[in-house]
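Here's a quick briefing to read alongside the model. Have the sequence and the 3D view open as you go.

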Amino acid sequence: MKKNLPIVFVCVLLFALFAVVQVGLSSGFISSYWETNIYLIGINIILAASLNLINGITGEFSLGHAGFMAVGAFAGGVITLNLGLPFLLAIVVGMLAAALAGLLVGLPTLRLRGDYLAIATLGFGEIVRVVMMNIDYVGGAAGLMGIPAVVNWPIIFISVVFTILLIRNFICSSHGRSCLALRENDTAAQMMGINITYYKVMAFVIGAALAGLAGVLYAHYYTIIQPKEFNFLLTFDILVMVMVGGLGSLTGSVVGAVLITVASAFLQSIPELRMVIYAALLIASAVFRPQGLLGAKEVSMNLLRKWGGVLNGSDGSKQAQ
Amino acid sequence: MALMEVNKLSKAFGGLVALNNFNLQVEAAELVGLIGPNGAGKTTVFNILTGLYRPTSGSLVFDGHDLYGKHPHQITKMGMARTFQNIRLFDNLSVLDNIKIAYQAVINYGLLPVFFRVPPFYRVEEQIEEKSLKLLEIFDLKKLAQEKAKNLPYGEQRRLEITRALATNPKLLLLDEPAAGMNPNETSDLLDLIKWIKDKFNLSIILIEHDMSLVMRLCERVIVLDYGSIIAEGPPSEIQQNPKVIEAYLGDEEVASWEK
């Protein structure tokens, strides 16, 4: 009973968050400007967490995230706009298309290491953008317009919770540990019976599929998508969220995504200085906390249990093990 | 039949022949020493056996399996494990996780339980954790289970690396200079540990070592490599007297005098 307490606690917290925002939105207390930003926070959390799975957990430096997001966005847009099929199918197809792109890019390029992989995936992102620009079926350079605006708060909320839960379950499993092992030392990982290519590709495909999910949500919120939006700068933004939050920390990615999105929302009112302050923040975080706000640490169930134990006056760490 | 049978193994890196016509037979529960000067090709042998390098020519049969072209992770699952000359632990993971990862070569579950916590997940996870802790207890590392591997003292890192290799449930253990950087006390502990492991886990061991006293006291048979070729093979007492071996280690007297 006591063991389940933190889970109940987290569920209550999540439901409260959901309800507060829902009430705020329907009562008009949250302005439409902040509504947009809340949705954007959700999408960015999905993007940052999934990039962290590839870059932080598995230790493969990928810069192709905007490309995977574009694949998801356009695949999803085609399903609802061009074919008139339901939104749920758009999510499934968008994720599958991005996963397939991840597989196709991952198989040949994951033999590369470090800088080389970064350059190869960067190239992939650019290829996706240019290809989309030249396919008339998806609108060419003008992109898709008039995608049904079906995304609302519950859909964003469920997607974010789904993403976090999926990645957390993956990390806290033998397969996730295998990914951590190959990040730490790939030669030793091989000697422990880990098929490193398999796990690299797996992390890459899961990350890509989730980026595709973010793309579908993005397309069905903004209703207009253009290939030129999914450029390298978008990948860079996501990377900054991951780095600020802490490479390898899932909670860090959430914190990073929220911080960066909120910061750029506030800075929207002073556009002359926005990029200056943004850059100064980045430099400061790189100088004073290069490992990111949370390092590789997690705010996990175990930690909550420990805190709970301290509050109850008992030793929580015992239960945690 | 021998557990490990290697015939006429050669490996060239471009024009450099690192290993030339290397033959090796290891019987079950045998402890073989592999010695030689630096750069003689000892670690190259290990890298070929474990699948990290592909040999230029020659055959390798381990426990009835042909090893040619097999990947390292496949070879591990056939029952071969190794440690490294320069310790390769999963530095930022806990001691327990280091062992758990190795244990996964023996017991694991498919992909479904990863994303949906169906009962096999908890059952297998519990099993992995329990067996890993038991192994850590045997090697007196249980109290350090939650510590990050990189924070362990050097001697214990060595011990953890050996423990981790054993977690994959090997039939043949390859130890690459386990005594490197150890003081005499630690080396003597290591000697007892290796003897004990061999009996307790009923293993064959191939040992690369520069510490001659350790090799002489441990190994039943010693193979001496120099410039990629075997120059002597036999029981330790014979090897110690072999003029070729002395020459390889100390240099030829005449050559030395010419160079002056």
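**Strand pairing in chain B**

B:Ser10 sits across from B:Ser57, a residue of strand S4(B). Before going on, note that this is a predicted model, where local features need pLDDT of at least 70, side-chain atom pairs count only at pLDDT 80 or more, and totals for chains, interfaces and linings use all residues. Residues are numbered from 1 along each chain as its sequence is written, while chains are lettered from A and ligands numbered from 1 in the order in which they are written.

- Strand S1 (residues 4–13) and strand S4 (residues 57–62) of chain B run antiparallel, joined by five bridges; strands (E, at least two residues) and helices (H or I, at least four) are DSSP runs, numbered from the N terminus.
- S4(B) also pairs in the antiparallel sense with strand S5 (residues 65–66) of chain B, over two bridges; pairing takes at least two DSSP bridges between the strands.
- B:Phe62 has B:His65 in S5(B) as its bridge partner.
- S4(B) and S5(B) make a hairpin with two residues between them, and B:Asp63 in the turn has a positive phi of about 55 degrees.

**Helix H6 of chain B**

- This helix (residues 154–167) has 14 residues and reaches 20 Å from its first C-alpha to its last, close to the 20 Å expected at 1.5 Å a residue; the expected span is 1.5 Å times one less than the number of residues.
- Ten of the 14 residues of H6(B) are buried, meaning 20 or more other C-beta atoms (placed from the backbone) within 10 Å of their own.
- Among the buried ones are B:Arg158, B:Arg159 and B:Leu160.
- The cover over the buried residues of H6(B) includes helix H3 (95–103), helix H5 (119–138) and strand S7 (172–176) of chain B.
- After H6(B) comes B:Asn169, with a positive phi near 60 degrees.

**Domains of chain B**

- Chain B splits into domain 1 (1–79 + 173–260) and domain 2 (88–169), with bounds from an automatic or database domain assignment.
- Their centres, taken over C-alpha atoms, are 28 Å apart.
- Ten residues of domain 1 of chain B are in contact with nine of domain 2 of chain B; contact means C-beta atoms, placed from the backbone, within 7 Å.
- On the domain 1 side, H7(B) gives the largest share, three residues.

**Where chain A meets chain B**

- 21 residues of chain A are in contact with 26 residues of chain B.
- Helices H6 (153–171), H7 (174–184) and H8 (186–191) of chain A each supply at least two residues of the chain A side.
- H7(A) gives the most to that side, with seven residues.

Technical notes: Contact = placed C-beta atoms within 7 Å. Buried ≥ 20, exposed ≤ 12 C-beta atoms within 10 Å, placed from the backbone.
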